[in-house]
Amino acid sequence: MSSANNDPTLLHSSSTSSLNTSLAENTTQTPQTPLNPAAILEKYKGKKDPNKVVVRFRAIGNAPILKQPFFKITASNKFQVVIQFLRNQLNYKASDPLFLYVNSAFSPAPDEIVSNLHKCFSTDGHLIINYCTSAAWG
Amino acid sequence: MTAPQNPITRAIWDGTLPIKFSLDSTEAAALGAKAIVEPYFIEAPRCSYFPLWTSQIRKYFVDMALNFIGDDAEIWYDVDGTPLKWHYPIGLLYDLHTGYRPDSNSPPPLPWPVTVHFKNFPADKLIKAQAIDATQDFFMSMIKEADFLRNGSTKKVMNLSKNDQTQLWDGLWSKNYDRFWSVNYRLVINDGQMPKNVPMRIYLPDNCPVIQEPISPVDENGNQLTLGDVLHQVLPELFPSPLPSENASASPVPVIHGIIPQLEIPIVWASQNLCYPDNFLHIVVLLGI
């Protein structure tokens, strides 16, 4: 008896079926039962985009050219991973100067997320990264 | 040179936070501090950056007999064990890390307690500045990124004279509103053209990845989108409607510069008036109380 009083679904038992129908139709507009924001947050926190995006490297100035300029990089990575990846490809030490730019325009912070950069700045599905050994577009 | 009068950008520029800097106690002992070192207090503009205060903070603690001869770039800050990203504006860090809702009944956690570290730079969590002017470089890069979002190129920033570009940074660190805004308003107004995308980032609590997407300021019919429309579009589960919820205090809210803006404001207006000096609208989403 007491548990029935605490069960909110029983209070509307007469209209349950119609409520369910309207929920199914309108979930995107007005959810009747608000989801727990903390649970939603858990989802965003663990939301690691497993997809890979194509990064295209383009050398500027005297920077060495890569034989294969296209690479697939996991979208949830930070831009730092792209910087390190390019350094490895070029066999550059940490002390060798190397500057990376998106679309010959700006230098993202190393903690920016690759998927965000790809969503915002890709051209024909490729995130174009220009690199050089001296600051170009400062 | 004076900037166009805008009481909103002026109020945001003048916004400050009292901050209490304390030494990490184990580090203090290791660095030769004999007694308990009194904390250092500053009132920092919300739009400023921690590295702009580092030399002043360093001088205070070194004068208090702290033995430190390293580079300023070694010095870092944390709150409750979480390192603070020095390339984020101070006001954004406060809103993000305190999670303080301006509509709550409790007083704000001020002065904001921040711990200063002179050792053990967490290179896995923070970017290590390679040069003394790294903060300026990061700042200018953000302005270019914002311009690229608005126009699909950085032409507007690159067309500024070298002098005007320098004036943006100079105005910021010297806290000179007119110097900064006389140049910056040309960027944010975008010559009166509707931007392609609004430069904005959304921050959720608990270290969720930062959200940045191309956000058009208008819908397919050319109608201006509101802040509520954009939040609903990007985070439909947290903002099930573009309109304010009836149970306001239980619902997630956007916080910018320590205030909860109305969801009905056009997103372009928000971008032009409520952006940080780096030209981005940095929105912290806080959950219900």
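Me: How many residues of chain B are in contact with chain A?
Reply: In this predicted model, 27 residues of chain B are in contact with 23 residues of chain A, where a contact means that the C-beta atoms of two residues, placed from the backbone, lie within 7 Å. Residues are numbered from 1 along each chain as its sequence is written, while chains are lettered from A and ligands numbered from 1 in the order in which they are written. Because the model is predicted, local features need pLDDT of at least 70 and side-chain atom pairs count only at pLDDT 80 or more, whereas totals for chains, interfaces and linings use all residues.

Me: And how do the residues on the chain B side divide into nonpolar, polar and charged?
Reply: The side of chain B that touches chain A has 14 nonpolar, 8 polar and 5 charged residues; Ala, Val, Leu, Ile, Met, Phe, Trp, Tyr, Cys and Pro count as nonpolar, Asp, Glu, Lys and Arg as charged, and the others, Gly among them, as polar.

Me: Which pattern does chain A follow along the sequence?
Reply: Chain A has 6 helices and 4 strands, in the order α-α-α-α-β-β-α-β-α-β; helices (H or I, at least four residues) and strands (E, at least two) are DSSP runs, numbered from the N terminus. Helix H5 (residues 79-90) of chain A has 12 residues and reaches 17 Å from its first C-alpha to its last, close to the 16 Å expected at 1.5 Å a residue, the expected span being 1.5 Å times one less than the number of residues.

Me: What follows H5(A)?
Reply: A:Asn91 follows H5(A), and the phi of A:Asn91 is positive, near 60°.

Me: Switching to the core, which residues have the most contacts inside the largest one?
Reply: They are A:Val102, B:Ile143, B:Leu281, B:Ile283 and B:Val285, in a largest nonpolar core of 84 residues. Such a core is a set of buried Ala, Val, Leu, Ile, Met, Phe, Trp, Tyr and Cys residues joined through C-beta atoms within 7 Å. A residue is buried if 20 or more other C-beta atoms lie within 10 Å of its own, exposed if 12 or fewer, and partly exposed in between, with C-beta atoms placed from the backbone.

Me: Which helix gives the most to this core?
Reply: Helix H5 (residues 134-151) of chain B does, with 8 residues. Leaving aside neighbours within four places in sequence, B:Ile143 is in contact with B:Val157, B:Leu168, B:Leu187, B:Asp278 and B:Asn279.

Me: Is B:Ile8 buried or exposed?
Reply: B:Ile8, in helix H1 (residues 7-14) of chain B, is exposed because 12 other C-beta atoms lie within 10 Å. The C-alpha atoms of B:Ile8 and B:Leu274 are separated by 7.6 Å, although these residues are 266 residues apart along the chain.

Me: Where is B:Pro111?
Reply: B:Pro111 is in the loop between helix H4 (90-98) and strand E5 (112-117) of chain B, and the peptide bond from B:Leu110 to B:Pro111 is cis, with omega near -5°.
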